[in-house]
Amino acid sequence: MLGQLEQRDAPDVWADKMSMTDLLKAEEIKKALEAFAGETFDPKKFFELVGMKAMSAENVKKVFQVLDVDGSGFIEEEELKFVLKGFSSEGRDLTDSE
């Protein structure tokens, strides 16, 4: 269980899991992260930009498993804050309002 996930721990949390670039194109991830670097995060638009809309259900499940840090089958609030870092270590933290 994660407990309290500290910001400084976030990049290492995904180290033992499949990489997002195993599932998505690095170029599309970078473009999507850049699109939301300074504006409010829109998950539907973000997932479309990284190419998830065209993915099979099986591959979408694999992306979910990468983001589900503690393997609980859910993406909890603690994990949500760092969801963009699940796509790339260069991703920003989401704000509480996002």
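## Helix α2

Lysine 31 is exposed, at a relative accessible area of 53% (buried means under 20%, exposed over 50%, and partly exposed in between, with a 1.4 Å probe and protein chains only). Its salt-bridge partner is glutamate 27, with the closest N and O atoms 3.9 Å apart; a salt bridge is a side-chain nitrogen of Lys or Arg within 4 Å of a carboxyl oxygen of Asp or Glu. Glutamate 27 is exposed too, with a relative accessible area of 55%.

Helix α2 spans residues 26–35 and holds both glutamate 27 and lysine 31, which are 4 residues apart, about one turn of the helix. Helices (H or I, at least four residues) are DSSP runs, numbered from the N terminus.

## Basis of the values

The model is predicted: local features need pLDDT of at least 70, side-chain atom pairs count only at pLDDT 80 or more, and totals for chains, interfaces and linings use all residues. Residues are numbered from 1 along each chain as its sequence is written, and side-chain values use heavy atoms, leaving out hydrogens and water.

## Helix α4

In helix α4 (residues 57–67), glutamate 58 and lysine 62 lie 4 residues apart, about one turn of the helix. Their side chains form a salt bridge at 3.6 Å, N to O. Glutamate 58 is exposed at 53% relative accessibility, whereas lysine 62 is partly exposed at 28%.

## Arginine 92 and the total

Arginine 92 pairs with glutamate 98 in a salt bridge whose closest N and O atoms are 2.8 Å apart. Arginine 92 is partly exposed, with a relative accessible area of 21%, and glutamate 98 is partly exposed at 29%. The structure holds 4 salt bridges.

Key:
Helix = DSSP H or I, 4+ residues; strand = E, 2+ residues; numbered from the N terminus.
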